[in-house]
Amino acid sequence: MSWPAALLLAALAAGCGGGAGDDTVSGSGALQALETQMDTALSQAVSEVDFSFSVERQDGRRYTFNRGGSTLQTPYESKSASKLVSAVIIMRLVQQGPLALSDQPQKYIPDWPILSGDPLFGMTLAQLLSFTSGLTVAPPCLNNGTTAFETCVIDIANLNAGNGITPGQQFFYSDTHLQVAGLMALRARGVANWQAVVAEFKEKTGLFPASRYDFPSLSNPALAGGMHFTGGDYMDFLKALKDGRLLNPASMDQLLADRTASIPLTYSPIFSGIGGGARLEEDWHYGFGLWHECRSATFNCVAGTRVSSPGALGTYPFWDRSKGYTGIVVRAGAFGTLTTGINIERSVRAKVEEWAAR
């Protein structure tokens, strides 16, 4: 066998990367060398639990690193990583027509208890998806599997009624917003529950076959944090989103718009920390179910350049739109370790960017 042929076979057989299939011999060798360096960096990353890390670049080459018993087929609890998924599912209904971003809850919820004299009466689906609706208090039913989904939404409305907040005037990170948006969506679609909405999404896209919304229960799933999914399922979702297979350009523009550029971020877990966990001294903005990342104490970044949906247990799905790659850290640390997953990715980001550019 000639030396170039032997080198090519060795490059294709070694390491964790997925291989694009059309690299030159020297290109494959360079990629493998980078992937070995990524292995080393990730093996040294600080994490109190096992994790998996995966990235996929523009040409489809995928790199995966597993620590301990974790794999991309391991089921993980989403926490807030499900926010982006829920927002995309709802935006597809907007795109298809039965729902509009200007719609208000009372259009679909006859017993909606917030009345016309209350500033909250004017909240829209767009404000619910961007966490600017004015809902700030979360009821216990969001973690109670025996409460009916609609009953919990009404509890959200009752607890927040009369708070004096005008929708669109502040950002407040809370699971309440997406729960109300979800009830609007299933009512607009004319189905009995959120599971039916998800089943239709799965059937039409082929995504998330090994994943489901099941916390605190199948009958009362928390849209903002109640999925169990695999890293492989989420990677396929990110690829479909990046490739434009889930949303048309107009809907994608809506999803990626900066919804908090001109309003105060009253509560942000990125800056404030969550559950007593570490915080980032960074001013991230928000779109529909996703963060606009900015590594600065004052937002001075181009919105939509890098977006993500990290969860409180350290799972961190991300899409670097400027460099054309997607990825995820999946882990199940203690509640409040959101920044741990972000820091795992940052420990290898420079090498990933070099890998993605080759």
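Biologist: What percentage of the 358 residues of the protein chain count as buried?
Modeller: In this predicted model, 55% of the 358 residues count as buried.

Biologist: And how many helices and strands are there in the protein chain?
Modeller: The chain has twelve helices and twelve strands. Its radius of gyration is 21 Å, close to the 21 Å that the globule rule gives for 358 residues, so the chain is as compact as a globular protein of that length.

Biologist: What box do the C-alpha atoms fill?
Modeller: Taken along the principal axes, the box is roughly 80 × 40 × 35 Å.

Biologist: What share of the contacts with a separation of 6 or more comes from residues 24 or more positions apart?
Modeller: Such residues account for 65% of those contacts.

Biologist: Let us turn to the sheet. What is the strand order in the open sheet of three strands?
Modeller: The order is β3-β6-β5, and the pairing is antiparallel. The strands β3 (75-77) and β5 (212-213) stand at the edges with a single partner strand each, so one side of each has no neighbour in the sheet.

Biologist: How many bridges join β5 to β6?
Modeller: Two bridges join β5 to β6, which comprises residues 227-230, and these two strands run antiparallel.

Biologist: Which residue in β6 is the bridge partner of Arg-212?
Modeller: The partner of Arg-212 is His-228.

Biologist: Now Lys-79. Where does this residue lie?
Modeller: Lys-79 is in the loop that lies between β3 and α3 (82-96).

Biologist: Is Lys-79 buried or exposed?
Modeller: Lys-79 is buried, because its relative accessible area is 18% and the cut-off for buried is under 20%.

Biologist: Which residues is Lys-79 in contact with, leaving aside neighbours within four places in sequence?
Modeller: Lys-79 is in contact with Ala-224 and Gly-225, with Gly-311, Ala-312 and Leu-313, and with Phe-335.

Biologist: One more topic, the helices. At what angle do α6 and α7 pack?
Modeller: Helix α6 (residues 176-189) and helix α7 (residues 194-205) pack at about 70 degrees, and their axes are 9 Å apart. The two helices are therefore roughly perpendicular to each other, since angles of 65 to 115 degrees count as such.

Biologist: Which residues meet there?
Modeller: From α6, Gly-182, Ala-185, Leu-186 and Arg-189 meet Trp-194, Val-197 and Glu-200 of α7. By class, this contact of α6 with α7 has four nonpolar residues, one polar residue and two charged residues.

Terms used
Residues numbered from 1 in each chain as written. Predicted model: local features only at pLDDT ≥ 70, side-chain atom pairs only at ≥ 80, totals over all residues. Heavy atoms only, no water. Pairing = 2+ DSSP bridges. Helix = DSSP H or I, 4+ residues; strand = E, 2+ residues; numbered from the N terminus. Buried < 20%, exposed > 50% of the residue type's maximum accessible area, 1.4 Å probe, protein only. Contact = heavy atoms within 4.5 Å. Axes fitted to C-alpha atoms, helices over the stretch in contact; angles between N-to-C directions. Parallel < 35°, antiparallel > 145°, perpendicular 65-115°, else oblique. Nonpolar A, V, L, I, M, F, W, Y, C, P; charged D, E, K, R; others polar. Rg over C-alpha atoms; globule rule 2.2 N^0.38 Å.
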